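Subject: Structure handover

Hello,

Here is the structure I said I would pass on. My notes on what was found in it follow below.

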Amino acid sequence: MIVNKLTLKNYRNIKDLVLKPSKGINIIFGENAQGKTNLIEALWLFTGCKSFRTSKDSELVSFNEDFSVAELEFFAFEREQTAKIVNEKKRKAFLNGVELSSPSKLIGEFTTVVFSPVHLSLIKDGPAARRRFIDVALCQLKPRYAAFLQKYNKALQQRNFLLKDIQYHSELLDTLDVWDERLCQLATPIIKERLEYIKILTPASKEVYNGLSDGKEEMGIIYKSEADFNGLSEDEIYFKLRELVKNSRKEDIIQKSTSIGPHRDDIEITVNGLSARSFGSQGQQRSCAIALKLGEAEIVSSFTGEKPVALLDDVMSELDESRQDYILNKIKDWQVFITCCDENQVLRLCEGKTFEMKDGRLL
């Protein structure tokens with residue numbers, strides 16, 4: 001998948017911009033607040049997803065303007081294609097000249113993977129951020145998983161309501177078996193799919209991290225749950241879950257919430273066997289997050305047959321020169337867009353294009 005041309009008008013602080021990038025590495029450099037991340041964000045919107053920075057489409061329009069337009073010329077699935085996004089009263093999307101019923105219909109037509117400073121939450125924050133990373137990745141690859149996740153969350157909500165009401169209505173205790181059964185049936189494929197995803201994410205991410213650390217450190221990914229489900233069939237996972245939920249019933253009634261299930265699981269990221277969250281340096285934590293995102297991109301490529309465009313926003317901060325050199329010169333066969341502030345980093349780029357950005361313009 002290759003971006004051939006990006007045109008922006010009235011997009012945030014960008015009045016008029018035309019970008020014709022290299023098919024390899026592209027660096028957009030300049031001081032803070034000049035529009036570098038805005039450009040990355042505009043490319044991301046063509047995935048059909050919401051912005052990774054805001055949920056309000058109105059923020060994508062320049063001040064004192066009524067609309068913004070983003071146009072993309074790209075090569076994907078063995079043909080040249082075009083896409084357009086218009087932000088006016090609501091966001092509208094077009095693919096190859098045809099208006100789509102929803103911008104989300106662009107999903108799968110143009111794929112990217114994005115890293116921005118907010119993705120450091122994958123390492124630094126609590127389990128919810130890491131569960132969401134795995135769940136979002138799986139939802140994009142497997143619609144079946146998205147359906148199970150949605151149904152599981154509804155069942156979980158109903159069981160928690162029941163746990164709160166049981167202390168006032170003891171007769172409701174008999175209905176708990178029904179919800180335990182439902183919860184475990186839906187939880188089983190979620191856990192199974194997460195384990196399978198981590199199984200293929202681990203080597204992909206470890207390879208990237210190995211390159212970033214020049215082979216001096218080893219990254220690991222471990223699925224953390226109330227029990228070890230690795231290597232188990234779906235039936236075995238289900239019966240083990242049923243036992244765990246049954247044994248936790250008294251505690252759940254006291255706590256008025258469900259203590260067992262994929263909503264409580266975690267994905268532990270390690271460096272040399274130690275928790276990256278607890279013991280990793282700033283550079284190691286950032287390297288782990290980058291490795292996870294590029295590992296995700298490799299998996300998307302294996303599923304779709306198309307390498308997604310890599311968008312790396314402010315990726316160089318807190319990385320030493322060796323790790324920066326890997327990103328600049330060792331990522332091959334991908335189109336990559338990198339934003340940075342330090343002009344000296346641009347000088348170390350061996351192949352590709354560089355663009356200076358100032359006041360929403362490419363110089």
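Contact, in these notes, means heavy atoms within 4.5 Å. Leaving aside neighbours within four places in sequence, S116 is in contact with F52 and D313. S116 sits in the loop between β8 (112-115) and α2 (121-124). Because its relative accessibility is 3%, S116 counts as buried; buried means under 20% relative accessible area, exposed over 50%, and partly exposed in between, with a 1.4 Å probe and protein chains only.

Two remarks on the source. This is a predicted model, in which local features need pLDDT of at least 70 and side-chain atom pairs count only at pLDDT 80 or more, while totals for chains, interfaces and linings use all residues. Residues are numbered from 1 along each chain as its sequence is written, and side-chain values use heavy atoms, with hydrogens and water left out.

Overall build

The chain has 11 helices and 15 strands. Helices (H or I, at least four residues) and strands (E, at least two) are DSSP runs, numbered from the N terminus. The radius of gyration of the chain is 23 Å, close to the 21 Å that the globule rule gives for 363 residues, so the chain is as compact as a globular protein of that length. That radius is taken over C-alpha atoms, and the rule is 2.2 Å times the number of residues to the power 0.38. Along the principal axes, the C-alpha atoms fill a box of roughly 70 × 50 × 35 Å. Of the 363 residues, 52% are buried. Among contacts between residues at least 6 apart in sequence, 71% join residues at least 24 apart.

Cores

A nonpolar core here is a set of buried Ala, Val, Leu, Ile, Met, Phe, Trp, Tyr and Cys residues joined through side-chain atoms within 4.5 Å. The largest one has 70 residues, and I27, I269, L292, I327 and I338 have the most contacts inside it. Helix α5 gives the most to this core, with 13 residues. A second, separate core has 36 residues, including L8, L39, L72 and L100.

I327 belongs to helix α10 (residues 321-329), where R323, Q324, Y326, I327, L328 and N329 are buried. The buried residues of α10 pack against β3 (25-29), α5, α9, β12, β13 (336-340) and α11 (343-346). Apart from neighbours within four places in sequence, I327 itself is in contact with I25, L212, I290, L312, V315, M316, L319 and I338.

The α4 and α5 pair

Helix α4 (residues 143-166) and helix α5 (residues 176-212) pack at an angle of about 145°, their axes 9 Å apart. Axes are lines fitted to C-alpha atoms, for helices over the stretch in contact, and angles run from 0 to 180 degrees between N-to-C directions. The crossing of α4 with α5 is left-handed, that is, the near helix is turned anticlockwise from the far one by less than a right angle. The residues of this contact divide into 16 nonpolar, one polar and seven charged. Ala, Val, Leu, Ile, Met, Phe, Trp, Tyr, Cys and Pro count as nonpolar, Asp, Glu, Lys and Arg as charged, and the others, Gly among them, as polar. Q167 lies in the loop between α4 and α5, and is partly exposed at a relative accessible area of 45%. Q167 and I254 are 87 residues apart in sequence and 8.7 Å apart in space, C-alpha to C-alpha.

Single residues

I85, in strand β5 (residues 79-87), is buried at 2% relative accessibility. Beyond neighbours within four places, I85 is in contact with L45, F46, S68, V69, A70, R91, K92 and L106.

K307 is in the loop between α9 (282-304) and β12 (309-312) and is partly exposed, at 26%. Its contacts, neighbours within four places aside, are M1, E298, S301, D333 and W334.

Most residues other than glycine have a negative phi. D214 has a positive phi of about 55° although it is not a glycine; D214 is placed in the loop between α5 and β9 (219-224) and is exposed, at 52%. N272, also not a glycine, has a positive phi near 55°. N272 is in the loop between β10 (266-271) and β11 (274-275) and is partly exposed, at 48%.

Regards
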